[in-house]
Amino acid sequence: MRVVVGADVGGTKIDIRVEALDGTVRAMVRRPAGDWEAVPVEAAARRLVGDLRAAVPAGDEIAAVGIGAQGCDTQEHCAHLAEAVEAVGAVPAAVVNDAALLVPAAGLDHGIGLIAGTGSIGVGTDAAGNVLFAGGWGWVLGDEGSAPAIVRDATRAALAAHDTGLADDGLLAALLGHFGAADPPALARLVNDRPDPGLWGPGAPAVFRAADAGSALAAQVVDEAAEHLRTLVARLTGRGAVGGAVVAAGSVLVRQPRLARRLGALLALSHPGLTLRLLDVPPVIGGVALARRRLAGA
């Protein structure tokens, strides 16, 4: 049976969806991303083709693949990776940044994809079809609005308030509790000794709980994260991104209504022609849509 295969390659996991040409779902697989890197493209292509083939039921033939990959952050890089996948796998391939899966997953032809999870990035296209990127620089340089960046900013704010002599409004206690630190110096040592998004990111829910419990500091951190995400959208629209929707995904936006509400309010003020839409289907569905488009154009 001929099948199309979609893949959503993120920072922590790879989702793969296999569909027959008539739309029947043949397989859905999730595996750890492990040491995924989008460079060098030859090694990345071999990794992707191996993962995709392993997910396809025995006897099925891959007709085309559509891949959204974290770390594929320029149009040229995505094109080179698609060429490498086609060379290794001998199948038509489309490769985009993982945020670019969101718009086709939502059933739209145009719009802005916005991810805030392990990282943060915005992707859109202009009227000529050129792919536009904003953000995606990694959490040390930016990735504002991502889980690690929210925890980074919250920790900085809580420690600064402590140094100033202000009473804890709940944020510091939330961070100490999450990280199991005895006191502020221990918290500072712990996070500085392991500047790893895998350590920092899981602390984001503690920041949101503190905000919901009344911490003004935590609420400010969340509001600033929403403003950073709005800025990504503004950068894309300023460069000509088209569409009437911002399709959002990622663990922070999808699981934290406070952030989504604030971002929606900010967009309503600055971009009244855009609607924030939280993706309610797996982004990998966008990969399948891209595979079908690639097959149609092959």
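Author: Start with one term: buried means under 20% relative accessible area, exposed over 50%, and partly exposed in between, with a 1.4 Å probe and protein chains only. Strands (E, at least two residues) and helices (H or I, at least four) are DSSP runs, numbered from the N terminus. The model is predicted, so local features need pLDDT of at least 70, side-chain atom pairs count only at pLDDT 80 or more, and totals for chains, interfaces and linings use all residues. Residues are numbered from 1 along each chain as its sequence is written, and side-chain values use heavy atoms, leaving out hydrogens and water.

Now to strand β1. β1 covers residues 2-9. Seven of its eight residues are buried, so by that definition the strand is mostly covered.

Next, its partners. Two strands pair if DSSP finds at least two bridges between them. β1 pairs with β4, which spans residues 61-69. The sense is parallel, and eight bridges join the two strands. To see one spot in this pairing, find G6 in the model. G66 of β4 stands opposite G6.

β1 also pairs with β2, residues 13-20. Here the sense is antiparallel, over seven bridges. Look at V3 this time. Its bridge partner in β2 is A20. Three residues lie between β1 and β2, and the two strands form a hairpin.

For comparison, turn to strand β6, residues 112-116. Five of its five residues are buried. Both faces are covered. On one side sit I112, L114 and A116. G113 and I115 are on the other.

With β9, residues 245-249, β6 runs parallel over four bridges. With β7, residues 120-125, β6 runs antiparallel, again over four bridges. G113 takes part in each pairing. V247 is its bridge partner in β9, and V123 stands opposite G113 in β7. A hairpin of three residues joins β6 to β7.

Last, a helix to set beside the strands. α4 has 18 residues, 147-164. From first C-alpha to last, α4 reaches 26 Å. That is close to the 26 Å expected at 1.5 Å a residue, where the expected span is 1.5 Å times one less than the number of residues. Of the 18 residues in α4, 13 are buried. Just after the helix comes G165, with a positive phi of about 95°.
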